[in-house]
Structures are given as structure tokens and as C-alpha cells.
Amino acid sequence: MRTQGSAVLIGSAVGAFLTAALIAIFYAGWRLADLPFVPFDVFDWTTRVLPGAFIEFVIGAMVAAIRGLHLGPTSVVAKIIEQAMGIVGLFITGVVAGAVLFGVLRALRGRYAYLSGLFLGLIAAIPAVLISSFLNKASVALPVVSALWILFVFASWGMALSWTYLRLAATGAPAEQGTDLEPFVQRVNRRQFLIRLAGYTATITVSGAMVGLLSERHSRMKMEDLMPWSATHVLPNAGAGVKPAPGTRPEYTSLERHYRIDINTTPPKIDGMMWRLKIGGLLEKPLSFTLDDLRRYEPMHQFVTLSCISNPVGGDLIGTTRWTGVSLKSILPNFGLKPNATHLKISSADGFWEILPLEMIKADERVMLAYAWDGVPLHEDHGFPLRVYIPDVHGMKQPKWIESIEAMDHWEPGYWVVRGWDKVAKMKATSVIDTIAFDMTIIGADQRKLVPIGGIAHAGARGI
């Protein structure tokens with residue numbers, strides 16, 4: 001590396017090779033041992049510290065692009081894009097880090113190479129450890145194990161960058177006869193060495209990715225195949241005289257097609273047997289509920305249409321399914337609330353929260369703690385083990401993966417309201433034409449040709 005510029009350029013390439021392998025190793029560790037996947041954790045942290053208005057702009061642009069380019073179901077594609085952004089972010093950081101390290105080592109003429117690499121690895125690892133320990137709820141590994149794993153992988157990555165620099169420097173320098181370097185230095189040029197390095201790191205990257213994907217597929221195959229309610233029941237209006245025109249979206253949304261929008265790239269993993277709903281704050285005494293405790297109450301079932309506040313007219317960030325749970329109003333007397341309690345703060349495992357006035361809960365028995373959708377326990381993607389349903393408001397006001405409820409004597413802004421989003425988030429009346437069935441012309445009583453149209457109209461729980 002004759003010049004500083006060539007050192008930086010080669011460092012960028014080496015950084016790309018080794019960071020791709022780094023990401024694959026983190027991915028394999030995540031899938032095989034539930035260790036943190038750093039790119040997702042850092043991305044989730046970034047979305048929390050950026051201004052709410054910027055996040056709103058990005059979400060709107062993403063939804064518009066997905067719809068305009070017909071890329072597929074909006075929530076699925078958006079989640080893939082978020083995950084890709086996290087991975088690309090770490091990859092670019094690694095490329096820049098490789099360029100900087102090679103430039104520094106070129107200026108130092110290779111002195112303190114391994115120390116510099118170790119220092120670089122720790123600079124990357126320590127913030128990642130702090131972020132993962134604070135945000136990561138998708139990993140079930142012990143915090144100390146997760147921290148040591150992140151430190152080890154990043155330190156190894158930094159040392160590998162330094163080792164590569166020294167090998168490249170050695171391939172360009174003549175070996176002195178009679179010294180220990182002579183048998184060690186291989187007579188290959190830098191291009192050959194970089195090609196070999198690319199091959200090695202590509203093997204690691206592909207192997208790590210395949211191991212992770214196979215592990216993910218195996219874990220999905222182990223999931224219980226539960227029978228949903230809709231598989232053995234008809235909808236209440238199945239006998240209606242008006243039938244939807246072909247091409248109209250289904251009135252009832254299957255669980256695998258229900259949209260999922262939340263603040264994390266991956267859902268929290270919660271052990272249902274160990275989970276407790278903790279009730280605290282302004283109570284006579286703290287208490288907690290297990291899932292079995294909640295199921296002992298008289299269950300209520302509601303057909304709920306839920307929509308994301310970012311859903312455009314005609315969008316697919318909306319779904320209807322049958323919710324099952326317990327009315328929050330019915331279990332409220334068991335909380336032992338103090339007279340000055342006026343609000344409940346509902347907090348989730350992913351760091352999300354929302355505040356509900358007790359006055360609203362007491363006046364509306366539809367407000368419910370839901371533990372099942374379509375007759376089966378909530379999937380982890382949709383809030384297992386517990387989520388709340390609040391009539392007439394968008395999903396941004398409805399926490400999933402609920403861990404605690406705190407009785408308070410005042411109102412506070414919820415997660416998105418703190419970030420400048422709509423304080424009320426009330427669902428507005430909207431209607432959409434999904435299809436015009438030109439090939440199903442109907443002859444009316446007056447011999448006029450009628451063309452069926454199909455679509456939906458909704459206004460939350462208020463009805464049309």
C-alpha cells in the first residue's frame with residue numbers, strides 16, 4: 001500500500017468482506033442461540049432517538065413506495081425494508097471503519113496494529129452492548145452471555161481487520177533471507193490475497209446465513225398447528241342477501257394476512273408460563289395476573305376492524321378478526337384502586353406505552369385485554385401473550401406484548417404522542433372501491449345493465 005489513498009481504498013474493501021461475515025455470524029448466533037442480532041437492535045434504537053416528524057415522513061414515503069411499486073403486503077414489505085436498513089447500516093459502518101483503520105495503520109507504518117484493531121472492535125461493541133441490553137426483547141439469552149458474545153465478535157472483527165492489514169503489507173514487502181519472516185510470507189500479490197479473503201469471508205457469510213435460515217425454518221415447523229375459530233364457524237352475516245363482487249377484499253382477515261406494525265424490527269419473545277401482568281401504582285397493594293387468571297373471567301368476543309394511522313385510503317394496513325379476552329371494566333374492581341387514581345398506564349415489553357382514562361374504561365365495556373385472535377392464542381408477531389383493544393382509535397394507541405398496568409393520578413402522553421403524533425388518533429369514516437366487475441353485468445328490472453362494484457366502508461366501532 002504505497003499511498004494513503006490506496007490504504008483507505010483497500011481498507012474499504014476489506015471492511016466490506018469482514019463486515020459481511022460479521023453480520024452473518026451475528027445472524028447465526030441469533031437464530032441458533034437467541035443471542036442479540038446487533039443490526040436490528042441499533043436500528044430500533046435509532047428510530048427511538050430520531051424526531052417523530054422524521055419517522056412519520058419516512059413511514060409515509062415507505063408506504064407510498066410499496067403501494068406505488070406493488071411490492072406486496074405493505075406491513076410485510078415495510079418490515080423487510082426496516083430489517084434491511086438495519087443490516088445495510090451496520091455494513092456501511094464496517095466499510096467506513098475498515099477504511100479508517102487502514103488509513104491509521106498506514107500512517108503508523110503498521111505499529112500497534114492489533115491494539116488498534118482491538119480498540120476499534122471495542123468502540124463498536126460497547127455501544128452495541130448498551131443498546132442491546134436496553135432494547136433487545138427478542139433474545140432470551142442471559143444478559144451477561146449476550147454482552148460477552150457482542151464483545152467477542154466485534155473484538156475478533158477488529159483484530160481480523162488488523163491481521164489483514166499486516167498480511168497485505170507483508171505481501172508487498174520482500175522477505176529477508178535468514179529471518180523468521182521468510183517461511184511465513186507467501187509469494188502472492190495483494191490482488192490474489194484479496195480474492196482469497198473474499199472467498200473465505202463469502203463462505204462464512206453464506207454459511208452463517210444458511211444456518212440461521214435453516215434454524216428459523218425448523219423453529220417455525222415446531223409451532224403448534226392450532227385450529228382457528230373461522231375454520232369451523234361462519235361469520236354472523238354469512239346469510240346476507242348482498243354478496244361481495246369478485247375481487248372485493250375478504251371481509252374477515254386470516255391471521256397470516258393481518259397487518260403488523262410496531263416499533264421493533266423483531267417481536268419480543270415472552271415465555272407465557274413465566275409471564276405475569278403486573279398491576280401497580282395507586283393501589284391498595286400490588287398484584288399480578290397469569291394468563292390462566294385472566295382466562296377464568298367471563299370471556300368476551302368482539303369482531304374488530306383495526307387500522308394503522310399510516311394506512312392510506314385503499315391501503316392494506318387494516319384487518320378484521322375476532323378478538324377474545326376480558327373486559328377491562330369487569331376486572332377493574334379487583335385492582336383495589338385508590339380514590340385519587342384517574343388513569344392507567346399500559347406498558348409493553350418492547351418499550352411502548354399508552355395512557356387510558358379510568359372514566360373511559362368504566363363507561364365502555366368494549367375496552368378489553370385480549371389474549372386470543374380468531375380463537376387461538378395471540379401469535380408472538382401480534383402481541384403474545386396480551387394486548388389491549390380500545391374502540392374507535394388507530395393501532396398506534398393500542399399496546400401489544402403488555403407487561404404492566406400502572407394506576408396514576410394524571411395523564412401523560414403515550415409513546416407516539418411524545419413524538420408529536422396525533423393525541424387522539426380517532427379512526428375516521430372512510431370507504432374504498434376495491435373492484436368493478438365488468439364481466440358480471442347484471443340486467444336490472446328495468447332492463448338496464450348494471451355493473452357490480454365491491455369495496456369496504458368503516459368508521460371504527462362507531463359503524464357507518
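**Ground rules**

I am working with a predicted model, in which local features need pLDDT of at least 70, side-chain atom pairs count only at pLDDT 80 or more, and totals for chains, interfaces and linings use all residues. I number residues from 1 along each chain as its sequence is written, and side-chain values use heavy atoms, with hydrogens and water left out.

**Whole protein**

I looked up the secondary structure and found 12 helices and 14 strands. Here helices (H or I, at least four residues) and strands (E, at least two) are DSSP runs, numbered from the N terminus. Along the principal axes, the C-alpha atoms fill a box of roughly 100 × 70 × 40 Å.

How much of the protein is buried? I get 45% of the 464 residues, where buried means under 20% relative accessible area, exposed over 50% and partly exposed in between (1.4 Å probe, protein chains only).

I also checked contacts, meaning heavy atoms within 4.5 Å. Of those between residues at least 6 apart in sequence, 72% join residues at least 24 apart.

**Helix α1 and its end**

The 30 residues of α1 should span 44 Å, and the end C-alpha atoms are 41 Å apart, which agrees.

Two packed helices are described by the angle between their axes and the distance between the axes. I take axes as lines fitted to C-alpha atoms, for helices over the stretch in contact, with angles from 0 to 180 degrees between N-to-C directions.

The axes of α1 (residues 4-33) and α4 come within 6 Å and cross at roughly 140 degrees. That makes α1 oblique to α4; angles under 35 degrees count as roughly parallel, over 145 as roughly antiparallel, 65 to 115 as roughly perpendicular and the rest as oblique. By class, this contact of α1 with α4 has 16 nonpolar, 8 polar and 1 charged residues. For these classes, Ala, Val, Leu, Ile, Met, Phe, Trp, Tyr, Cys and Pro are nonpolar, Asp, Glu, Lys and Arg are charged, and the others, Gly among them, are polar.

How do α4 and α5 pack? Helix α4 (residues 74-107) meets α5 at an angle of about 155 degrees, with the axes 11 Å apart. The two are therefore roughly antiparallel to each other.

On the α4 side I find Ala97, Leu101 and Leu105, which meet Ala113, Ser116, Gly117 and Leu120 in α5. The residues of this contact divide into 5 nonpolar, 2 polar and no charged.

**Ser162**

Next I went to Ser162 in helix α6 (residues 143-171). At 0% relative accessibility, Ser162 counts as buried. Not counting residues up to four places away in sequence, Ser162 touches Leu101, Leu105, Ala113, Tyr114, Ser116 and Gly117.

**Glu82**

Beyond its neighbours within four places in sequence, Glu82 is in contact with Phe43, Met62, Asn264 and Thr265. I also checked Asp44, which is 38 residues from Glu82 in sequence and 9.1 Å away in space, C-alpha to C-alpha.

Most residues other than glycine have a negative phi, and most peptide bonds are trans.

- The peptide bond from Phe384 to Pro385 is cis, with omega near 10 degrees; Pro385 is in the loop between β8 (376-377) and β9 (387-389).
- Asp392 has a positive phi near 75 degrees. I place Asp392 in the loop between β9 and β10 (402-408), and it is buried, with a relative accessible area of 15%.
- Trp401 has a positive phi of about 50 degrees although it is not a glycine. Trp401 is in the loop between β9 and β10 and counts as buried at 1% relative accessibility.

How values were computed: Expected span 1.5 Å × (residues − 1).
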